[in-house]
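Hi,

Here is the model I promised to pass on. Have a look at it first, and then read my notes below.

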Amino acid sequence: AQPQSTTTTLAQPAQVSLTAPAGEIRVAGGPYLVPVYINGVSRVSTITVTVTYNPSVLRMRTIQEGSFLRQGNATVSFAPNTDRTIGRIDLTFVRTGDAVGASGSGLLSSITFDAVGAGTSQLTISGVAASPTGASVPLTFAPATVVVR
C-alpha cells in the first residue's frame with residue numbers, strides 16, 4: 001500500500017476562467033461569446049467578479065447569467081454593472097436564503113463582445129467569493145487574450 005499524502009485533504013482554490021472566442025476575430029465581425037466558468041468550487045453562495053477589457057478593441061454587447069449558481073433550484077440575484085468607457089464589467093451573484101451553496105463546476109456568465117478595433121485586448125478577471133456562512137472561498141483566476149484583426 002502506498003502512503004497517503006496528507007496534503008490531499010487541503011482544499012484547492014476554485015478557478016474562475018475566461019475563454020477567448022475560437023478562430024479569427026475580425027473588426028465588425030461577431031458577436032463574439034466569452035464564457036466565464038468556475039471550476040472545482042465547494043459551497044459557494046456569493047460571488048463578485050470583475051472583468052476588464054480594452055474598450056478600443058472590444059465593446060461589450062450583452063451579459064447573460066449562467067446556470068451554475070441556480071443548482072438545487074436556488075434563487076439567484078444577478079446584478080451586472082458595466083462601464084463601457086473604461087472596459088469594466090462587475091458581476092455580482094447571490095444565492096438568496098441559501099444554506100447549502102453551489103458546488104462543482106459550471107457556467108457563471110456569458111459575455112458577448114463586438115470587435116470594434118484592430119489590436120489586442122487582455123481579458124483580466126478578479127473577484128471574491130463566500131460560503132453560505134460568510135466564510136471566504138479561495139479563488140484563482142485565468143485570464144484570456146483576444147487579438148482582433
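Let me start with Val147, which is found in strand E10 (helices, H or I, of at least four residues and strands, E, of at least two are DSSP runs, numbered from the N terminus). Before going further, a word on the ground rules. This is a predicted model, so local features need pLDDT of at least 70 and side-chain atom pairs count only at pLDDT 80 or more, while totals for chains, interfaces and linings use all residues. Residues are numbered from 1 along each chain as its sequence is written, and side-chain values use heavy atoms, with hydrogens and water left out.

Back to Val147: is this residue buried, partly exposed or exposed? Val147 is partly exposed, because its relative accessible area is 37% (buried means under 20%, exposed over 50%, and partly exposed in between, with a 1.4 Å probe and protein chains only). Not counting residues up to four places away in sequence, Val147 touches Ile25, Gly119 and Thr120; contact here means heavy atoms within 4.5 Å. Val147 and Gln122 are 25 residues apart along the chain, and their C-alpha atoms are separated by 8.7 Å.

Gln122 also turns up in the strand pairing, where it stands opposite Thr145 in E10. Strand E8 (residues 119-130) and E10 run antiparallel and are joined by five bridges (two strands pair if DSSP finds at least two bridges between them). Both belong to an open sheet of five strands in the order E5-E6-E3-E8-E10, with antiparallel pairing. E5 and E10 are the edge strands, each pairing on one side only. On average, neighbouring strands of this sheet are turned by 15° against each other, direction ignored (axes are lines fitted to C-alpha atoms, for helices over the stretch in contact, and angles run from 0 to 180 degrees between N-to-C directions).

Pro80 has Leu91 in E6 as its bridge partner. E5 and E6 make a hairpin with four residues between them, and Gly87 in the turn has a positive phi of about 75°.

Now the other sheet. Its five strands are ordered E4-E7-E2-E1-E9, and this open sheet has mixed pairing. Strand E4 (58-65) and strand E9 (139-142) are the edges, each pairing on one side only. Neighbouring strands here are turned by 20° against each other on average, direction ignored. E4 and strand E7 (residues 102-115) run antiparallel and are joined by seven bridges, with Leu58 opposite Ala115 in E7.

Leu33 is worth a click too: you will find it in strand E2 (residues 32-44). Leu33 counts as partly exposed because its relative accessibility is 46%. Leaving aside neighbours within four places in sequence, Leu33 is in contact with Thr19, Pro21, Ser110, Ile111 and Thr112.

Finally, confidence. The chain averages a pLDDT (the predictor's confidence in each residue, from 0 to 100) of 93, and 93% of the residues score at least 70. Where does pLDDT stay under 50? That happens over residues 4-9, for which the model has zero contacts beyond four places in sequence.

Cheers
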